[in-house]
Amino acid sequence: MSLRSVVRNATGQDVYVCHACFDCDIDARHEMDIPLPSLIQLIWLNDEEALQCRTLWSDSVLQASRGACKRGLDLYAVMTVLREESNRRAGR
Ligand code: SF4
């Protein structure tokens with residue numbers, strides 16, 4: 001199943017509403033390897049890098065993601081389900 005479908009089925013959030021406006025570009029550079037908007041683009045592309053990047057696993061980014069999307073995407077829910085999917089695929 002694609003990452004977009006995993007996210008949509010689990011959360012009702014569709015990353016296709018993202019227009020890459022970068023309004024959710026959270027300033028936590030010391031804990032991030034890619035900007036949060038790029039993480040959303042990786043989901044679009046079904047790129048498993050989305051499941052392994054440091055940005056996904058940063059608790060600071062996770063907390064800051066609440067309400068960060070001005071287009072109404074629930075980025076906290078998206079990140080949480082991506083973490084769960086990463087653990088599932090790793091057999092954890
Ligand atoms: S704020 Fe929302 S629409 Fe804009 S880049 Fe971030 S996720 Fe995409």
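Helix H6, which runs over residues 75-89 and so counts 15 residues, reaches 21 Å from its first C-alpha to its last, close to the 21 Å expected at 1.5 Å a residue. The model described here is a predicted one.

**Helices and their buried residues**

Within H6, the buried residues are Leu-75, Ala-77, Val-78, Met-79, Val-81, Leu-82, Arg-83, Glu-85 and Ser-86, and what covers them includes the helices H1, H2, H3, H4 and H5.

| Helix | Residues |
|---|---|
| H1 | 3-11 |
| H2 | 36-44 |
| H3 | 49-52 |
| H4 | 54-57 |
| H5 | 59-64 |

In H1, the residues Leu-3, Arg-4, Ser-5, Val-6 and Val-7 are buried, and the buried residues of this helix pack against H2, H3 and H6. After H1 comes Gly-12, which has a positive phi, near 80°.

**A residue in helix H3**

Is Ala-50 buried or exposed? Ala-50, found in helix H3, counts as buried because its relative accessibility is 0%, and the cut-off for buried is under 20%. If its neighbours within four places in sequence are left aside, Ala-50 is in contact with Leu-3, Leu-39, Leu-42, Ile-43, Leu-56 and Leu-82. The C-alpha atoms of Ala-50 and Thr-80 are separated by 12 Å, and these two residues stand 30 residues apart along the chain.

**The ligand**

The ligand sits in the largest cavity, where 13 residues surround the ligand, the closest being Cys-18, Cys-21, Phe-22, Cys-24 and Cys-69.

How values were computed
Residues are numbered from 1 along each chain as its sequence is written. This is a predicted model: local features need pLDDT of at least 70, side-chain atom pairs count only at pLDDT 80 or more; totals for chains, interfaces and linings use all residues. Side-chain values use heavy atoms; hydrogens and water are left out. A residue is near a molecule or strand if one of its heavy atoms lies within 4 Å of it. On a 1 Å grid over the protein atoms alone, a cavity is a set of points where a 1.4 Å probe fits but cannot get out, and a pocket is an open set with protein on both sides within 12 Å along at least five of seven lines; lining residues have an atom within 4 Å of a point. A molecule sits in a cavity or pocket if more than half of its atoms lie within 2 Å of its grid points. Helices (H or I, at least four residues) and strands (E, at least two) are DSSP runs, numbered from the N terminus. The expected span of a helix is 1.5 Å times one less than its number of residues. Buried means under 20% relative accessible area, exposed over 50%, partly exposed in between (1.4 Å probe, protein chains only). Contact means heavy atoms within 4.5 Å.
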